[in-house]
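Here is a short briefing on one protein model. Please look over the sequence and structure before reading on.

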Amino acid sequence: MKLLTYTIPCYNSSAYMDHCISSLLATAVPGEVEIVIVDDGSTKDDTAGKADDWQRRHPGLIRVVHQENGGHGEAINAGLRNATGRYFKVVDSDDWVCEDASRQVLEVLRRHHSDDDCLDLLISNYVYEHQADGAVKVIRYTNALPENRVFGWDDMRRFLPSQNLLMHSLIYRTEVLRGCGFELPKHTFYVDNIYAYTPLPHCKRIYYLNCDFYRYFIGRDDQSVNERVMVQRIDQQLKVTRIMIDKVDLSKVRSRRLRQYMTGYLAMMMAICTVFSLLSDRPDRLQLRDGIWEHLRERDERLYRRIRHSLVGSASSLPGSMGRRVSIMLYRMAQRIFKFN
């Protein structure tokens, strides 16, 4: 069994995938690390050819999976199906990793490679790289998580609003994902939220490494987290949030602190759905907003009340036309502070 599988979902990624792959190769040791490039039915550029060329140059270290287009989630599914590493990490093709931090990550995974000492989840920092203004923002968890030791969810402290555990900060044990029946929906955007949410209750042995490992590029006009694109794809946000509501019964999450964290994450998703519904020019935008809240209420009345009356839920759902304008204004303020899209 290899130590770590990196999976790179690629769809028409020819312009930037080389940087991503090169950053992984900088510390990849053949026989220990593998890189699975998933060409998700690319047709508009030379992504498939580039991937095959990387495989020819690095046999035994890089493998390529070609498949019909199934979306980001199905590309991750394909990577997981083909993974032979004890640990599993997704790196999007327009992102990259830091070489020095990669060495630290691999050293921790080596120390926890045996069956009786393996981790379920390794958490590290990630860095927003903003194209528009050149700003760099590091998301770290030093105030919320114990450092440099194995811990459980009950050992963590409260997260700040800017400190959600996103896909960029997570390395799962491969069998945790497989064992919990993890599978992402096809042809769906924003599935990274499902990836960073639904497996958490299945993770018991956790480790936080305070290093700036993952570099998250943000700013391309066609990027899925571009606000204009997100508003156009409000149906995708709603679909993903419904899946998160349905997949995890928070009342059955044993750790109180994990339950609190996951409630806060879901509240953030509800706020995103609410605000982006309001930003949409669709005639049914208010019905979209009300529909996701009704879905949560039907699924869990107690959770609905808790999120609806939370600070985030209340701020995003102020009543009346004036309240809607204030909710959007508050979102804009948060956007400027946290630079999340």
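Arg289 sits in helix H10, which spans residues 285-299; helices are DSSP runs of H or I, at least four residues, numbered from the N terminus. The model is predicted: local features need pLDDT of at least 70, side-chain atom pairs count only at pLDDT 80 or more, and totals for chains, interfaces and linings use all residues. Residues are numbered from 1 along each chain as its sequence is written, and side-chain values use heavy atoms, with hydrogens and water left out.

**Arg289**
- Arg289 counts as buried because its relative accessibility is 14% (buried: under 20% relative accessible area; exposed: over 50%; partly exposed: in between; 1.4 Å probe, protein chains only).
- Leaving out residues up to four places away in sequence, Arg289 touches Thr274, Ser277, Leu278 and Arg324 (contact: heavy atoms within 4.5 Å).

**Cysteines**
- The structure has 0 disulfides (a disulfide: a pair of cysteine sulfur atoms within 2.5 Å).
- Cys20 is in no disulfide, and its nearest cysteine sulfur, that of Cys10, lies 7.0 Å away.
- Cys20 is buried, at 0% relative accessible area.
- Cys180 is in no disulfide either; its nearest cysteine sulfur belongs to Cys203, 7.9 Å away.
- Cys180 counts as partly exposed, since its relative accessibility is 24%.

**Second largest pocket**
- The second largest pocket holds about 430 Å³ of space (a pocket: an open set of points on a 1 Å grid over the protein atoms alone, where a 1.4 Å probe fits, with protein on both sides within 12 Å along at least five of seven lines; lining residues have an atom within 4 Å of a point).
- Of its 22 lining residues, Thr198, Pro201, His202, Val248 and Val253 are the closest to the centre.

Notes. Grid points are joined across faces, edges and corners, and a volume is the space filled by probe spheres set on the points. Helices (H or I, at least four residues) and strands (E, at least two) are DSSP runs, numbered from the N terminus.
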